Amino acid sequence: MYVDNQRRSDRATNIIVSGLPAPSVNPDKAIVIDVLQRELKEVPDIVYTKRLGRPVVGRVQPLLVVLKTAAQANYFINS
């Protein structure tokens, strides 16, 4: 039961960004920071980012963004 609670709390800091093409120059983290800062006037504290799934030609992979706090993840999801 403790493991389930830990996994749930770990996932609470995650957000999934869809439709963001893979960058050719800047890393994903820099692009997400730029987009969220421009659109929501808030700078996120990103721990790391990761593309989900296998790359497929003509398809954009979703981006997993792990934030420092669940409150910040909730703010971005609700905004």
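Predicted model: local features only at pLDDT ≥ 70, side-chain atom pairs only at ≥ 80, totals over all residues.
Residues are numbered from 1 along each chain as its sequence is written, and side-chain values use heavy atoms, with hydrogens and water left out.

Three strands, in the order β1-β3-β2 and with antiparallel pairing, form an open sheet; strands are DSSP runs of E with at least two residues, helices are runs of H or I with at least four, and both are numbered from the N terminus, while two strands count as paired if DSSP finds at least two bridges between them. The edge strands, each pairing on one side only, are β1 (14-17) and β2 (46-51). On average, neighbouring strands of this sheet are turned by 20° against each other, direction ignored. Between β2 and β3 the antiparallel pairing extends over five bridges, and isoleucine 46 has leucine 67 in β3 as its bridge partner.

Helices lie against these strands. Helix α2 lies across β2 and β3 and runs at about 115° to β2, where axes are lines fitted to C-alpha atoms, for helices over the stretch in contact, and angles run from 0 to 180 degrees between N-to-C directions. Helix α3 packs on the sheet, touching β1 and β3, and its direction makes about 30° with that of β1; contact here means heavy atoms within 4.5 Å.

The largest nonpolar core has ten residues in all, among them Ile15, Val32, Ile46, Val65 and Phe76. Such a core is a set of buried Ala, Val, Leu, Ile, Met, Phe, Trp, Tyr and Cys residues joined through side-chain atoms within 4.5 Å, and buried means under 20% relative accessible area, exposed over 50% and partly exposed in between (1.4 Å probe, protein chains only). Two or more residues come from each of α2 (28-40), β3 (63-67) and α3 (70-78), with β3 giving the largest share, three residues. Leaving aside neighbours within four places in sequence, the contacts of valine 65 include Ile15, Val32 and Ile46.

Glutamine 72, found in helix α3, is buried, with a relative accessible area of 11%. Not counting residues up to four places away in sequence, glutamine 72 touches Val43, Pro44, Asp45 and Leu67, and its side chain reaches the backbone nitrogen of aspartate 45 at 3.1 Å.

Note on methods
Polar contact = N/O pair within 3.5 Å; in protein donor to acceptor, adjacent residues only side chain to side chain.
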